[in-house]
Amino acid sequence: GICKDALALLKAQESIEPTKPDEDNMVYCGACGTPVGYEVLEPPGMDYIRYNYCQNCGKKVRWE
């Protein structure tokens, strides 16, 4: 019983892979679909924002 509970907790902490970029170059959390990567226009040019954790479900995002 305790081993199964421990394994379930460890599995819940695993990182998730983000989705493939869509036509707007947005990338979404593979668990809940919240945006975790997108382009922004900054003064020096285009920059890409990538979150290490999903802001909605809290899962760690595995970028590489």
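A residue is called buried here when its relative accessible area is under 20%, exposed when that area is over 50%, and partly exposed in between, using a 1.4 Å probe and protein chains only. The model is a predicted one, in which local features need pLDDT of at least 70, side-chain atom pairs count only at pLDDT 80 or more, and totals for chains, interfaces and linings use all residues. Residues are numbered from 1 along each chain as its sequence is written, and side-chain values use heavy atoms, with hydrogens and water left out.

Let us start with the overall layout. The chain holds one helix and three strands, where helices (H or I, at least four residues) and strands (E, at least two) are DSSP runs numbered from the N terminus. Along the principal axes, the C-alpha atoms fill a box of roughly 55 × 20 × 20 Å.

Next, look at the strands. Strands of a sheet pair through backbone hydrogen bonds, either parallel or antiparallel. In this model, two strands count as paired if DSSP finds at least two bridges between them. The three strands form an open sheet in the order β1-β2-β3, with antiparallel pairing. Its edge strands are β1 and β3, each of which pairs on one side only.

Now take the pairs in turn. Strand β1 (residues 27-28) runs antiparallel to strand β2 (residues 35-42), and two bridges join them. Here Val 27 stands opposite Gly 37 in β2. The hairpin of β1 and β2 has six residues between the strands, and in it Gly 33 takes a positive phi near 90 degrees. Further along, β2 pairs with strand β3 (residues 45-50) over six bridges, again in the antiparallel sense. The hairpin formed by β2 and β3 has two residues between the strands. Glu 42 has Gly 45 in β3 as its bridge partner, while Glu 39 stands opposite Tyr 48 in β3.

The loop between β1 and β2 deserves a visit of its own. Cys 29 lies in this loop, and it counts as buried because its relative accessibility is 2%. What is Cys 29 in contact with, leaving aside its neighbours within four places in sequence? With contact meaning heavy atoms within 4.5 Å, the partners of Cys 29 are Ile 16, Thr 19, Thr 34, Val 36, Cys 54 and Cys 57. The C-alpha atoms of Cys 29 and Ala 8 are separated by 20 Å, with the two residues 21 apart along the chain.

Thr 34 also lies in the loop between β1 and β2. At 19% relative accessibility, Thr 34 counts as buried. Leaving aside neighbours within four places in sequence, Thr 34 is in contact with Val 27, Tyr 28, Cys 29, Cys 54 and Asn 56.

Finally, step back to the chain as a whole. Among its contacts between residues at least 6 apart in sequence, 26% join residues at least 24 apart.
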